[in-house]
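Trainee: May we go through this structure together? I would like to take the loops, then the surface, then the confidence values.
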Amino acid sequence: MNRKTLLHLDYPLMYALVLMSMLSLVILYSAGGENLSVLLRQGTRMLAAFVIMIAMAQIPPEALARWTPWIYGAGVILLIVVLAIGVIGKGAQRWINLGLFRFQPAEVMKLGVPMMAAWLFSRKPLPPSPMRLIIGAIAIGVPAALIVLQPDLGTAILVAAAGVFVIFLSGIQWRILAGLGVVAAALAPVAWHFMHDYQKRRVLTLFNPEADPLGSGYHIIQAKIAIGSGGIYGKGWTNGSQSQLDFIPERHTDFIFAVFGEEFGLIGASILLLLYSYIIGRGLYIAISATDSYSRLLAGSLSITFFFYVFVNIGMVSGILPVVGVPLPLVSYGGTSMVTLMAGFGILMSIHSRRRLISS
Amino acid sequence: MSHESIRDVARESRVFRNRLIVSSFIVAFLFLLLLARLVYLQVLDHRHFSTLSERNRITVVPIPPARGLIYDRNGVLLAQNFSVFTLEIVPDQVEDMDELLRGLSYIVELSDYDIKRFNKRRSQRPGFESILLRTHLSDEEAARFSVNQHRFPGAELKARLQRHYPLGRLTAHVVGYVGRISDRDISNMDPQVYQSRYRGSEYIGKTGVERSYEEILHGVPGYEQVETNAHGRKLRVIRTLKPTPGKNLYLNIDVRLQQKGEEALGEFNGAVVAIDPATGGVLALVSKPSYDPNPFINGIGFKPYAALRDSPDRPLVNRALNGRYPPGSTIKPFMALAGLDEGVNRYATTYCPGYFRLGNARHKYRCWKKSGHGAMNVSRAVTESCDVYFYTLAHKLGIDTLHREMTSFGFGQKTEIDLPSESSGLYPSREWKRKVRKQVWYPGETVIAGIGQGFILVTPLQLANATAAIVHNGLQYKPRVVFAIQDPITGEVEKLKPEVLRKAENTRAKDYEFVRNAMHNVVHGRGGTARRIAVGAKYEMAGKTGTAQVVGVAQGARYNEKALAKKYWDHGLFISFAPFADPKIAVAVVAEHGRHGGSGAAPVARAVMDAYLLTPEQLQAEEAAKAEKQENAQ
């Protein structure tokens, strides 16, 4: 039975993404100081991202699985290259300049790592053997460590999380999971020791932002004021005083949710959350109806990772998580992360479009 | 895919499905957590965050009121405001203060003093208030800053009203000056008044009228509610409450008299106080030397201040209010009034052999006239200033009676003038001596008190006010420098009512007329000690000379050889009123080291009275006559 749709697109997901992009443009118009050129640039990026999504949807999952080790391997090499350039150039380096655009290997690994983990685990029966698990952990850990060294803790966490979700979905025994949890908790102080001062400060600030109202606490305080003062109905589009008067830092990128919460209130924010849950729900549905384990693991991981982005960003802006540089997916201004996300959605669509073709 | 056969596909699928369901629950739970957080922020704590947001958005900026102007009685401007460019900084809006100051120093001139002052004030005021860095920017500096302003967030060019005293030293001791509000000013003020009236104010009256009428001159500040962005940039004004400007003052002072008094003192230091006897209005209040009050407004530098403070001439001391001089013979008309009040017969005479002896004691209290005046009645004793008559009188009345009578003319008492910190002078008593000197009163001290020597110290202001009391049959008003208060908006003028200070013990008009006649003779009569000043006068006057043997104000001043000789010269004093028939002005003059009242001080009084009483034409004629006389002398 051929359920193939036009260009392998999944329309329920597609419509939700288009709607989300519209919302993004609406709030960017306000957050960007009612500047049309900001909209134009973001709109162009969106179009490009949709084109990439459609392109990704054309690649069958088997092909993707075949290429996975190569993509992953190339990604690791590029991460090493970037680090080397950074060492030579004596400064933090995250991207490679390709002339036309700047290319971030870490961004590729947001897809590369879950793909690799899914590939590794799907080659043998599930749940994975301890040996497989160790190999998988190394496959996740190496790129994550390389990204930490850039240093970009936020992205490293996101990349690692995508891989960890694959492990979780692969059916790893609960007791092993619990054991890993204990190990992680034991390692936390060690990680703390290796964190940069500014990173420590961000964590500490979370617990008491008022301790340093003009320094690292400023972002959180101002964002909370913005969201809180928005109330149930919001101050109205382009009417948020916190947003319009520059009190919210990074207001069109990482902190755009504060603008949203201030201007559209609890109602607007709830609608946004609803739309996100719809997209994630659709992703999970695609994962559950996928027919081979590579597709299942990858689709599940991509959907949960997408949720993870949303949660980390909104949690940070509303003051329940430390400040890490994670944009609000699909809404924040900026192209790189959007392209990656949309490529992910392309993969989801491809998986969904071809789900029966393999099993029958 | 050969190994596919050994996989339990169904089980894998079931496990995966379970994991996905667990994930979905976790996702749903975390979504609800976010939602709960939003409800907490946006519903439960909404009011709190709304307040914070408004406070972020809206800044209340005080607008200082324009200070009231000060005019003399003829409308001559004595204190004005003019606009100057100032460079101010709001510290809260500055990220790196050192960097900012360094940057600014390339654009405008910044002295170490400017920076020191700025840092001091920065430590005292809240960070959101604008703090002065430089004042009196030149047009060029202001323009240069304006062009570069974007490079200096937190720094602002402002046009501030700046006080200025156009007549400078001529009125410094009357008008006083304003200065920057100090910690002491703040602690002296009711905190509520400070909060409501001085936020945004830079200056406060420090001395003179500026201080005593501070409340009236200052005005009430207005407020501007402005919307500001996170960088403190003013975006728009939401509401403005205009400031109420301070009220204008018209003084009783006539700067022409002020000028004449100062000129006429010539090389002498000293003081001139002229009072309108009918109201207590102070027509002139000269203290020489004076100082320029303008540098004090923004804080005079240490060196020029030290120069003023340490000058042997003590220019900062207001001699009219705080100079304490022995009155010498100028006390005699008051002694005469006291005597008459105590029943002395106006025709009874005392023989003056040129000295007075207390009982059988050996010590001779000398009369200034060595050969003696012969038989003296009270009237002639005043006119010829016979010391022996007043030695005798003082001895007869005793110190207790004298103290009661003389303090009723205001000696040893404050005049309650509307200027800050006047001295009360001193009229001694037994009690005073016991308390302060821890000694009993000696009769000899009573004797010399009769001629205004000994412990007695008076201020020129007290002398002038007491002289006005002679004109007014013993009625004394509180001397008033301020004549009227004008509302600058409506233009309405409210005249201040004269206030009675006290009545002298002697209330008999006849006695006063008698003493006034004796004082008339001092100037116009035979044997009068100030006859020289009557020459060419267009009106009749009355007066009394005095000579004080003690070094007054200059006590404790630094010695220098040139001043040393002069230091021992007597002070010349003169009190007078005119025109005799209907006195309009009472004057007291102290010419330090002026040697004698008749020569040093009396011409000063004449000049002041001329300036007040003569028409401009008459004055001109007077000047011409004087110039001619000088030519002839040459």
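Mentor: Let us begin with Asn473(B), which sits in the loop between α19 (460-471) and β17 (475-477) of chain B. Please keep in mind that this is a predicted model.

Trainee: What is the phi of Asn473(B) near?

Mentor: The phi of Asn473(B) is near 55°, a positive value in a residue other than glycine.

Trainee: What about Ser421(B), what is its phi?

Mentor: Ser421(B) has a positive phi of about 55°, although it is not a glycine. Its place is the loop between α16 (387-407) and α17 (430-437) of chain B. Ser421(B) is classed as exposed because its relative accessible area is 54%.

Trainee: Changing topic, which residues does a cis peptide bond join?

Mentor: One such bond joins Lys288(B) and Pro289(B), with omega about 0°. Pro289(B) is found in the loop between β12 (281-288) and α12 (302-310) of chain B. A cis peptide bond also joins Ala578(B) and Pro579(B), where omega is about -10°. Pro579(B) belongs to the loop between β22 (571-578) and β23 (585-591) of chain B.

Trainee: Where does Pro293(B) lie?

Mentor: Pro293(B) lies in the loop between β12 and α12 of chain B, which is where Pro289(B) is found. Pro293(B) counts as buried because its relative accessibility is 1%.

Trainee: How many residues separate Pro293(B) and Leu170(B) in sequence?

Mentor: They are 123 residues apart in sequence, and 9.7 Å apart in space from C-alpha to C-alpha. Gly75(B) and Tyr250(B) make another such pair: they are 175 residues apart along the chain, with their C-alpha atoms separated by 7.2 Å. Gly75(B) is in the loop between β2 (70-71) and β3 (77-89) of chain B, and is partly exposed because its relative accessibility is 35%.

Trainee: Now the surface. Which residues make the nonpolar surface patch?

Mentor: Both chains contribute: Ile232(A), Tyr233(A), Ile267(A) and Ile271(A) come together with Val39(B), Tyr40(B), Val43(B) and Leu44(B) in a patch of about 750 Å².

Trainee: Which helix gives the largest share of the nonpolar patch?

Mentor: That is α1(B), with 4 residues. At least two residues each are supplied by α11 (256-289) of chain A and α1 (9-44) of chain B. Leu44(B), for instance, is in helix α1 of chain B, and counts as exposed because its relative accessibility is 62%.

Trainee: And which residues form a positive surface patch?

Mentor: Arg357(B), Arg362(B), Lys364(B), Arg366(B) and Lys370(B) form a positive patch. Of these, Arg366(B) lies in strand β15 (residues 364-366) of chain B. Arg366(B) is exposed because its relative accessible area is 51%, the cut-off for exposed being over 50%.

Trainee: Last topic: what is the mean pLDDT of chain A?

Mentor: The mean for chain A is 86, and 91% of its residues reach 70 or more.

Trainee: Which element of chain A has the lowest mean pLDDT, and which the highest?

Mentor: Helix α14 (residues 355-359) of chain A has the lowest mean, 57, whereas α11(A) has the highest, 95. The helix α11 of chain A is also one of those that supply the nonpolar patch.

Methods:
Residues numbered from 1 in each chain as written. Chains lettered and ligands numbered in written order. Predicted model: local features only at pLDDT ≥ 70, side-chain atom pairs only at ≥ 80, totals over all residues. Heavy atoms only, no water. Patch = residues over 30% accessible without salt bridge, like charges linked within 9 Å, V, L, I, M, F, W, Y side chains within 5 Å. Areas by Shrake-Rupley, 256 points an atom, 1.4 Å probe, with all protein chains shown as cover. Salt bridge = Lys/Arg side-chain N within 4 Å of Asp/Glu carboxyl O. Lys, Arg positive; Asp, Glu negative; His and termini not counted. Charge placed at Lys NZ, Arg CZ, Asp CG, Glu CD. Buried < 20%, exposed > 50% of the residue type's maximum accessible area, 1.4 Å probe, protein only. pLDDT = per-residue confidence, 0-100.
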